[in-house]
There are 2 protein chains.
Amino acid sequence: MLQGHQTWVFDKKPVILSTGTVGGPFEANGNIPRDFDILHDDMWLKQESFEKAQQIMMEEACQVAVKKSPIQKEQVDFFISGDLINQITPTTYAARTLGLPYFGLFNACATSMESLALSAAIINGNGANYILSGASSHNAATEKQFRYPTEYGGQKPPTAQWTVTGAGCALVAKEGEGPMITSATIGKVVDMGMTDPFNMGGAMAPAAVDTIEAHLKERNIDHSYYDLIITGDLAHVGREVSLDLLHKRGINIPPDKYLDCGLTIYRKEQPVLAGASGAACSAVVTYGHFLNLMKHGKIKRILIAATGSLQSPLSVNQGDSIPGIAHAVSIESGSDN
Amino acid sequence: MLQGHQTWVFDKKPVILSTGTVGGPFEANGNIPRDFDILHDDMWLKQESFEKAQQIMMEEACQVAVKKSPIQKEQVDFFISGDLINQITPTTYAARTLGLPYFGLFNACATSMESLALSAAIINGNGANYILSGASSHNAATEKQFRYPTEYGGQKPPTAQWTVTGAGCALVAKEGEGPMITSATIGKVVDMGMTDPFNMGGAMAPAAVDTIEAHLKERNIDHSYYDLIITGDLAHVGREVSLDLLHKRGINIPPDKYLDCGLTIYRKEQPVLAGASGAACSAVVTYGHFLNLMKHGKIKRILIAATGSLQSPLSVNQGDSIPGIAHAVSIESGSDN
């Protein structure tokens with residue numbers, strides 16, 4: 001399974017049996033509303049806190065994924081997931097509701113693909129038959145924790161990003177019908193010394209480039225192997241930086257084949273500054289939008305490089321720079337096989 | 001590899017090639033100082049913050065483990081680790097220093113065995129040759145975040161526990177000399193509705209019992225298979241609760257064969273209230289003390305059930321109860337094989 005230094009090639013080709021995607025009102029008004037299974041019309045979901053609303057979205061994403069699959073919840077072996085909130089409590093309380101053996105993860109907005117890579121590795125090694133793999137975030141819960149409560153109406157620079165309210169989940173299986181998880185490249189922490197938490201896309205771009213380059217090299221393939229190479233949430237600023245860096249390393253992906261989940265989920269008219277971010281961003285856009293495109297035959301092979309900026313409010317206040325990471329997973333259509 | 005619903009049996013028997021354990025002054029003055037590779041005589045390690053001191057301890061634990069092994073750092077495939085600090089920044093900055101592909105985890109004080117179980121599963125499935133698996137915590141960093149800065153001199157009830165300052169690391173390998181990782185049982189979130197963050201041992205006890213019971217049942221073995229069954233950090237209160245619960249479920253482990261890392265690391269005279277806790281607790285006591293006992297032939301088979309209480313200060317303030325989890329890993333002497 002290990003090929004090179006940081007890449008797994010899954011010879012048993014685990015499949016994504018089904019997915020669940022949940023969003024909030026801002027996502028309902030966005031660019032890809034039809035790619036969500038559930039859209040809520042308020043940020044609170046009738047809960048007492050934004051954190052509980054996030055928990056409920058994660059539970060719903062899992063429930064929808066199981067419901068859309070041919071299996072029962074009792075057949076699921078593990079829940080592997082994480083989020084941005086301190087001590088990942090929304091994920092943990094969702095794990096309590098699900099009642100499944102649970103691995104909690106934290107790699108910020110790269111958690112979606114950290115989880116998918118681990119799920120595929122465990123299944124490939126006969127460690128499970130079915131795993132629920134996911135990530136979630138909530139705009140108001142995240143703003144409150146990392147910046148200011150949204151009610152303050154704080155202003156932000158144009159490099160800032162908008163955290164997605166949502167949850168995305170994939171039901172990964174050893175066998176069955178669905179897109180195949182063919183490989184994964186696990187990222188290193190890449191830190192270029194940036195210290196501005198309002199420019200996370202810029203801080204994460206070198207990590208995305210590092211992981212994409214390692215992936216192509218270790219799999220010994222050209223970027224043209226993929227119909228699309230999709231980053232997590234670099235948004236406008238980070239995407240430009242990453243295209244420049246890729247070019248300098250001799251990787252010339254045509255811009256129309258190099259997309260970003262953070263630039264896909266919202267409409268241009270929405271006030272999201274540089275674009276979207278949040279642990280849910282790459283999860284809902286991949287499991288909703290891009291897997292729907294694959295289902296309809298429009299794409300066959302994609303690489304998703306989810307990006308995470310791993311700072312905390314404390315580490316920023318202590319003057320530390322912002323460490324980035326990216327984990328890449330390749331998903332290929334199962335219909336020709 | 002999967003046996004039952006939540007247990008992995010590792011047919012390739014990954015080995016712990018070497019370990020690294022680091023502690024602070026309170027640990028140096030404790031019950032098992034000779035089981036540490038490095039002991040620091042101040043809490044700051046000459047750093048500007050307690051969080052940076054924790055980071056350095058994690059780096060040292062990894063460096064020591066590699067140094068004690070026959071391999072070079074460049075041969076290590078992955079670093080899998082986590083801690084208690086928001087967004088696990090001490091672990092992430094250590095990952096930056098190590099320069100290894102990195103999986104960030106969070107299952108509070110159960111992170112040590114979450115990491116060891118995942119490392120063994122990845123190696124068993126041919127996903128790696130060498131993995132650095134660890135966990136860390138720092139008393140003053142944790143107190144500041146979860147309760148009050150230690151400088152305030154806040155008082156605590158006798159059910160409270162003392163967070164270990166330290167870091168523990170195991171270098172897990174596909175082949176080589178060392179104790180073997182033979183199986184792991186992944187825990188579910190167990191929440192009995194307790195809300196007192198000063199009695200985490202009590203809150204975690206049902207999770208430990210749930211995982212130990214599942215482990216024995218799914219491996220189809222009696223508790224006497226193990227020389228010792230060792231919980232992570234239940235301390236006095238949680239240990240008593242868990243012995244009662246085990247007894248009610250027909251599992252009568254003799255009290256002298258049922259130990260707790262949180263009751264092993266400090267001397268009785270130290271002012272640690274109910275006992276120790278912290279993500280480093282089960283890591284340093286297992287990788288230091290118990291593996292030394294195994295090396296000296298005093299024990300041959302142990303089960304470590306690391307316990308975690310997964311609340312955050314926010315979830316406690318929002319009135320949520322304290323969810324517990326326990327992950328159990330069995331380690332067996334390789335010398336007869």
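Modeller: Let's take helix α3 (residues 89–98) of chain A: nine of its 10 residues are buried, so the helix is largely enclosed by the rest of the structure. Before going on, this is a predicted model, where local features need pLDDT of at least 70, side-chain atom pairs count only at pLDDT 80 or more, and totals for chains, interfaces and linings use all residues. Residues are numbered from 1 along each chain as its sequence is written, while chains are lettered from A and ligands numbered from 1 in the order in which they are written.

"Buried" here takes 20 or more other C-beta atoms within 10 Å of a residue's own, with 12 or fewer counting as exposed, anything in between as partly exposed, and C-beta atoms placed from the backbone. Helices are DSSP runs of H or I with at least four residues, strands are runs of E with at least two, and both are numbered from the N terminus. The buried set in α3(A) is A:Thr89, A:Pro90, A:Thr91, A:Thr92, A:Tyr93, A:Ala94, A:Ala95, A:Arg96 and A:Leu98. Just past the helix, A:Gly99 has a positive phi of about 70°.

What do those buried residues pack against? In chain A, they meet α2 (50–68), β5 (78–83), β6 (102–105) and β7 (130–137), and from chain B there's α9 as well.

That brings us to the partner. In all, 49 residues of chain B are in contact with 49 of chain A, contact being C-beta atoms, placed from the backbone, within 7 Å. On the chain B side, β5, α3, β6, α4 (111–124) and α9 (313–317) each give at least two residues. That side splits into 23 nonpolar, 20 polar and six charged residues. For the classes, Ala, Val, Leu, Ile, Met, Phe, Trp, Tyr, Cys and Pro are nonpolar, Asp, Glu, Lys and Arg are charged, and the others, Gly among them, are polar.

How do the copies meet? 100% of the interface residues of chain B are interface residues in chain A too, so the same surface is used by both copies.

Note on methods. Two residues are in contact if their C-beta atoms, placed from the backbone, lie within 7 Å.
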